[in-house]
Amino acid sequence: MSNIPLRPTALRNLNLLLRSAPRFVQNTFRPRSTSTNTSSVNPTEVSHFNALASTWWDPNGSSRLLHLMNPLRHDFIQRCHASQPVPPPSSNLRLLDIGCGGGIFAESAARLRSIGSVTAIDPSSEVLAVAKAHARRDPALAQKLSYLNTSIEGLPLPKSVEEQYDVLTLFEVIEHISHPAAFLDSLTPFIKPGGWLIMSTIARTWTSWLTTKVVAEDIAGIVPRGTHDWDKYINEEELRGHFLKERGWNSPQVIGVVYVPGIGWREVRGSERVGNYFFGIRRDE
């Protein structure tokens, strides 16, 4: 059997990995940016996802892994709520979904009886147009689901606790942000005291580089090439340290998940240290 040469993009990824390895070993969470650019929106990232807009709701298309992951998102939110000393209200919860894309999670959340309203935002007008068009197929969503073409910086700050959110979700977003520490800090005013910040992302390890960059993008083509930037991946302990260092947060929750071809995503204990994982943390009351 002949050897299959690595594509140029894979070689560049290997070079990046080798250059970044010392930072990975030290687990240094990137500090607050000193840049004068306060936007979390990266035009290159937006352009990449614009190109995928037409296939967002194709369960066998470029967003297939997101469709398969959606049930685990809901399960993890329920797990976070179950960890509270006092259960959250059983109805009329307010949810803010940041980086909603085509609305895979936002739509499903709006259908839950416990959710009173979902506000879903995304900086890509093309992707958001797909989300809105799909939501119009179900008139019942009109009263509960609102899409806004904006970044978090363009969303007005809540003026009262009533305007804040019980749950803020950030699924497959933080690994596309250039300055994650400052971005995460900017989310705090939107979350009610006692509310949850729920996210999913990827650990920055040799394993994740191999699986998400070399295999998923360059060899198997499971996700479009250029979807991920390994240098922006964040380890769970970095997130935990960021929030728990005198920042007004408590009760961190984490689960690792692994994609099994032909089966889907499955929770695997300990896998948060090597690849995809969910992370939740509760704001102090």
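In this predicted model, the buried residues of helix 6 are covered by several elements, including strand 1 (93-98), strand 4 (165-171), strand 5 (191-202) and helix 8. The residues tucked away in this manner are P180, A181, F183, L184, D185 and L187. That makes six of the eight residues of helix 6, so the helix is largely enclosed by the rest of the structure.

One of those covering elements, helix 8, deserves a look of its own. Helix 6 spans residues 180-187 and helix 8 spans residues 236-244; their axes come within 11 Å and cross at roughly 50 degrees. The two helices are therefore oblique to each other, and their crossing is right-handed. On the helix 6 side, the contact is made by A181, L184 and D185, while helix 8 brings in L239, H242 and F243. Sorted by type, the residues of this contact come out as four nonpolar, one polar and one charged. As for spacing along a helix, an α-helix has 3.6 residues a turn, so residues three or four places apart point the same way.

Zooming out, the protein chain has eight helices and eight strands. Of its 285 residues, 51% are buried. Among contacts with a separation of 6 or more, 76% link residues 24 or more positions apart.

In soluble globular proteins, nonpolar side chains tend to be buried together. Here the largest nonpolar core holds 31 residues, and V118, L145, Y147, I198 and F278 touch the most other members. Helix 3 (residues 64-82) supplies the largest share of this core, with six residues. Leaving aside residues up to four places away in sequence, L145 touches A106, E107, A110, V118, A120 and A135. Another core, of 26 residues, lies apart from the largest one and counts I152, F183, L187 and F279 among its members. Two of these, F183 and L187, also figure among the buried residues of helix 6.

Most residues other than glycine have a negative phi. N92, though, has a positive phi, near 60 degrees. N92 sits in the loop between helix 3 and strand 1 and is exposed, with a relative accessible area of 61%. S251 also has a positive phi, near 55 degrees. Its place is in strand 6 (residues 249-260), where S251 is partly exposed, with a relative accessible area of 33%.

Notes: Residues are numbered from 1 along each chain as its sequence is written. This is a predicted model: local features need pLDDT of at least 70, side-chain atom pairs count only at pLDDT 80 or more; totals for chains, interfaces and linings use all residues. Side-chain values use heavy atoms; hydrogens and water are left out. Axes are lines fitted to C-alpha atoms, for helices over the stretch in contact, and angles run from 0 to 180 degrees between N-to-C directions. Helices (H or I, at least four residues) and strands (E, at least two) are DSSP runs, numbered from the N terminus. Angles under 35 degrees count as roughly parallel, over 145 as roughly antiparallel, 65 to 115 as roughly perpendicular and the rest as oblique. A crossing is left-handed if the near helix is turned anticlockwise from the far one by less than a right angle, and right-handed if clockwise. Contact means heavy atoms within 4.5 Å. Ala, Val, Leu, Ile, Met, Phe, Trp, Tyr, Cys and Pro count as nonpolar, Asp, Glu, Lys and Arg as charged, and the others, Gly among them, as polar. A nonpolar core is a set of buried Ala, Val, Leu, Ile, Met, Phe, Trp, Tyr and Cys residues joined through side-chain atoms within 4.5 Å. Buried means under 20% relative accessible area, exposed over 50%, partly exposed in between (1.4 Å probe, protein chains only).
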